Amino acid sequence: MLPPFDELRDLITANLAAFERRQVPPAEGVRRAAVTVCVLQDAERTPYTVLIRRAPHGRNPGQWALPGGRLDDGEEPVEAALRELDEEVAVRGVRVAGLLDDFVTDSGFVITPVVAFGGRQQPVGDPREVASVHAVPLERFMAPGVPRWRDGLLQMPLGPEIVIHAPTGAILWQFAEVALRGRELRVFNVTQPRWTRS
């Protein structure tokens, strides 16, 4: 059971402050990206995070994802994550709570996950990049069977038809363990399914 929203915000912020995140140093030729685990609240102040299904064209068509994308030249990860959050789901003016470990993908990207709070906003997907926007209550991360393993692959079953694999699933698993439960968890060795490697 999660605490009331204000206490939850303080708890997540404190847990992330105590977490010694692992950062992949900048290097020539490394492609960098950033995503946001954005915690919003609905009209009843129930906390949820935003997931998107990618549009059927472009990079990773149809895949579940956190709002995010590549860093522009000269851009820092937090700046890029919040820009992409605004561009993809029209959520802005958020407060950054902290960062999780950089995740190195099989396709050669280094993803920096940013955790942020955005209050009561209604995310709206940009149809050029987003097929659909989904609100996943944070309670779902604490449910029995989350995560689960199938044929050696991590799965985060977060809704009736929402099953998320690495890298997004790994990031969300670390978010649940580190930010919500206050535990240390590393996910650098979580295997990605083949279809996520584009």
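Q: Does Val130 count as buried or exposed?
A: Let's start with a single residue in this predicted model. Val130 sits in strand β8, which covers residues 130-137. Buried means under 20% relative accessible area. Val130 has a relative accessibility of 6%, so this residue counts as buried.

Q: Among contacts between residues at least 6 apart in sequence, what percentage join residues at least 24 apart?
A: Now for the protein as a whole. Three helices and eleven strands make up its elements, and their order along the sequence is α-β-β-β-β-α-β-β-β-β-β-β-β-α. Of the contacts between residues at least 6 apart in sequence, the share that joins residues at least 24 apart is 65%.

Q: What radius of gyration does the protein have?
A: The C-alpha trace spans about 45 × 35 × 35 Å along the principal axes. For 198 residues, a compact globule would have a radius of gyration near 16 Å, and the value for this protein agrees with that: 15 Å.

Q: Which element gives the largest share of the largest nonpolar core?
A: The largest nonpolar core has 43 residues, and those with the most contacts inside it include Ile12, Leu138 and Phe175. Elements that give two or more residues to this core are α1, β1, β7, β10, β11 and α3. Nine residues, the largest share, come from α3.

Q: Which residues does Met156 touch, not counting residues up to four places away in sequence?
A: Met156 is one of the residues with the most contacts inside the largest nonpolar core. Setting aside residues up to four places away in sequence, its contacts are Phe141, Val146, Pro147, Ile162, Val163, Ile164, Gly169, Leu172 and Trp173.

Q: What is the omega of the cis peptide bond that joins Ala166 and Pro167?
A: Pro167 belongs to the loop between β11 and α3. Among the residues that touch Pro167 is Thr105. The bond between Ala166 and Pro167 is cis, and its omega is about 10°.

Q: What is the phi of Arg45?
A: Arg45 is in the loop between β1 and β2. With 34% relative accessibility, Arg45 counts as partly exposed. Although Arg45 is not a glycine, its phi is positive, at about 65°.

Q: What is the relative accessible area of Ala90?
A: Ala90 is found in the loop between α2 and β5. Its phi is positive, about 60°, although Ala90 is not a glycine. Ala90 is partly exposed, because its relative accessible area is 28%.

Methods
Residues numbered from 1 in each chain as written. Predicted model: local features only at pLDDT ≥ 70, side-chain atom pairs only at ≥ 80, totals over all residues. Heavy atoms only, no water. Helix = DSSP H or I, 4+ residues; strand = E, 2+ residues; numbered from the N terminus. Rg over C-alpha atoms; globule rule 2.2 N^0.38 Å. Contact = heavy atoms within 4.5 Å. Core = buried A, V, L, I, M, F, W, Y, C linked by side-chain atoms within 4.5 Å. Buried < 20%, exposed > 50% of the residue type's maximum accessible area, 1.4 Å probe, protein only.
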